[in-house]
Amino acid sequence: MEIKVVGPGCPRCHELHRRVINACAALDLDADIQYVTDIKQFPTLGVMFTPALLVDGAMAVQGKLPELEELKALLTARRQS
């Protein structure tokens, strides 16, 4: 699974990155987690609002900071599909 946390490096973006790492660890999920901070890449990725989360190239979250349990549910659903 490829996961991209997208944001300019603000505190909310860092927190999303931390929560994604914790969610993957809690789920024992082997994922390639990337943190994209290059603003020039945002339009290419389809990001209009940050923080954003892409899972296997699909937009999963944009413009909000989901709680850890919400991330775990999201990642579990994506893993099963």
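The exercises below work through a predicted model of a protein, each with a solution in steps.

Residues are numbered from 1 along each chain as its sequence is written. Because the model is predicted, local features need pLDDT of at least 70 and side-chain atom pairs count only at pLDDT 80 or more, while totals for chains, interfaces and linings use all residues, and side-chain values use heavy atoms, with hydrogens and water left out.

**Exercise 1. The overall fold**

Task: find which elements the protein has and in what order they run.

Solution: Begin with the terms, for helices (H or I, at least four residues) and strands (E, at least two) are DSSP runs, numbered from the N terminus. The protein holds three helices and four strands, and read from the N terminus these follow the order β-α-β-α-β-β-α.

**Exercise 2. Size and packing**

Task: compare the radius of gyration of the protein with that of a compact globule, and state what share of its residues is buried.

Solution: The radius of gyration is taken over C-alpha atoms, and the globule rule is 2.2 Å times the number of residues to the power 0.38. For 81 residues a compact globule would come near 12 Å, and the protein, at 11 Å, agrees with this. Next, the C-alpha trace spans about 30 × 25 × 20 Å along its principal axes. For burial, the cut-offs are under 20% relative accessible area for buried and over 50% for exposed, with partly exposed in between (1.4 Å probe, protein chains only); on this scale, 36% of the 81 residues are buried. Finally, taking contact to mean heavy atoms within 4.5 Å, residues 24 or more positions apart account for 63% of the contacts with a separation of 6 or more.

**Exercise 3. The pairing of strand E3**

Task: work out which strands pair with E3 and which residues stand opposite each other.

Solution: Two strands pair if DSSP finds at least two bridges between them. Strand E3 (residues 52-55) runs antiparallel to strand E4 (residues 58-62), with four bridges joining them, and strand E1 (residues 2-6) also pairs with E3 in the antiparallel sense over four bridges.

**Exercise 4. Backbone features in the loops**

Task: locate the residues with a positive phi and the cis peptide bond.

Solution: The cis bond runs from Thr-50 to Pro-51, with omega near 0°, and Pro-51 is found in the loop between H2 and E3.
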